[in-house]
Amino acid sequence: MTPAHVHPGPPQDPTAIGLFTVAAALLAVAAYVTAASRLRRRGDAWPRWRDGSFTAGGIAVAGAAVAGLPRGPFTGHMIQHLAVGMVAPLLLALARPLTLALRVLAPGPARRGLLAVAHSRPAGWLVFPPLAALLDVGGMWLLYRTGLFAATQRQPLTHALVHTHLLAAGLLFTFAVCRLDPVRRRWSLAVRGATLLAAGAAHGVLAKTLYAVPPPGTAFDGADLREGARWMYYGGDVVEAALAVVLGVGWYTSRGRARAAAVSRRA
């Protein structure tokens, strides 16, 4: 039996799933900004650009949930994919939300519990860079190279669950590569850099396959399909380059601190 071809973009339900996503994103932004303001009021330093980064990440998630699809349906979906699965995770991770939570919480059960979770063995494995990359990029291959993508076009709940996975997997991968927040184990620059290169290559290959062949069970216009694939390919390159910059800055900063510490020991 030939599968039904899907032409339209993902179903939009701004009164239910979309509005719930917007509310959750705005609540997360409000909680972050409130915590950062509380930290500053008590005299602790917390860069304001991190507030802006987290806010922009929340807006990216909220906008992807309710904004109308620009251009063709596949191109519009791919812009959503980049916003939710790559841009928003980078912006959120740069804001160091876990570090903020640990600094703003008073000593007690809540802080100890959060620290225990961050240093737990399962958390350590989830941010093991190769595993995080598999969950992230592997999930994209599963989405676009099986009938799952066609199902998201027909079923709003499936569409929402897939976007939730894109955000969660993107956050795990970004946290694992950037290594900005305190977790159980800090993997080396070599492991994180190699993982980023491998994930970028797999993401690029997937985009090239989509340029030629649509996801199973769909029949998008050829021009729309190619433009969406280009958004995935070049947009992914931009975000991956930004991740590489974060890696380089982290390495440079850690080397500078180590050199300063060695100088002070000799003095």
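Trainee: By class, how many nonpolar, polar and charged residues does the lining of the largest cavity have?
Mentor: The lining has seven nonpolar, five polar and two charged residues. Here Ala, Val, Leu, Ile, Met, Phe, Trp, Tyr, Cys and Pro count as nonpolar, Asp, Glu, Lys and Arg as charged, and the others, Gly among them, as polar. Please note that this is a predicted model, in which local features need pLDDT of at least 70 and side-chain atom pairs count only at pLDDT 80 or more, while totals for chains, interfaces and linings use all residues. Residues are numbered from 1 along each chain as its sequence is written, and side-chain values use heavy atoms, with hydrogens and water left out.

Trainee: What counts as a cavity?
Mentor: On a 1 Å grid over the protein atoms alone, a cavity is a set of points where a 1.4 Å probe fits but cannot get out, and lining residues have an atom within 4 Å of a point. Grid points are joined across faces, edges and corners, and the volume is the space filled by probe spheres set on the points.

Trainee: How many cavities of 30 Å³ or more are there?
Mentor: The search of the whole structure finds two.

Trainee: Which residues lie nearest the centre of the largest one?
Mentor: Of its 14 lining residues, those are Met86, Asp136, Phe173, Glu240 and Leu243. The elements that give two or more residues to this lining are α3 (73-94), α7, α9 (156-178), α10 (189-212) and α11 (222-266). Helices (H or I, at least four residues) and strands (E, at least two) are DSSP runs, numbered from the N terminus.

Trainee: And what lines the second largest cavity?
Mentor: Val127, Phe175, Ala176, Arg179, Val183, Arg185, Arg186 and Trp187 do. By class, five are nonpolar, none is polar and three are charged.

Trainee: Changing topic, how many helices and strands does the protein have?
Mentor: There are eleven helices and zero strands. Of the 267 residues, 41% count as buried, that is, under 20% relative accessible area, where exposed is over 50% and partly exposed lies in between (1.4 Å probe, protein chains only).

Trainee: Which residues of α7 are buried?
Mentor: They are Pro129, Ala132, Ala133, Asp136, Val137, Gly139, Met140, Leu143 and Tyr144. Asp136 is also among the residues nearest the centre of the largest cavity.

Trainee: Which members of the largest nonpolar core touch the most others?
Mentor: Of its 19 residues, Leu90, Phe173, Cys178, Leu196 and Leu243 do. Such a core is a set of buried Ala, Val, Leu, Ile, Met, Phe, Trp, Tyr and Cys residues joined through side-chain atoms within 4.5 Å. The elements giving it two or more residues are α3, α7, α9, α10 and α11.

Trainee: What does Leu243 touch?
Mentor: Not counting residues up to four places away in sequence, Leu243 touches Leu90, Phe173, Thr174, Cys178 and Leu196; contact means heavy atoms within 4.5 Å. A second, separate core of 18 residues includes Ala64, Ala83, Val162 and Leu206.

Trainee: Where is Leu189, then?
Mentor: Leu189 is in helix α10. With a relative accessible area of 33%, Leu189 is partly exposed. Beyond neighbours within four places in sequence, Leu189 is in contact with Leu247 and Trp251. Leu189 and Cys178 are eleven residues apart in sequence and 9.5 Å apart in space, C-alpha to C-alpha.

Terms used:
1 Å grid on protein atoms, 1.4 Å probe; cavity = no way out; pocket = protein on both sides within 12 Å on 5 of 7 lines; lining within 4 Å.
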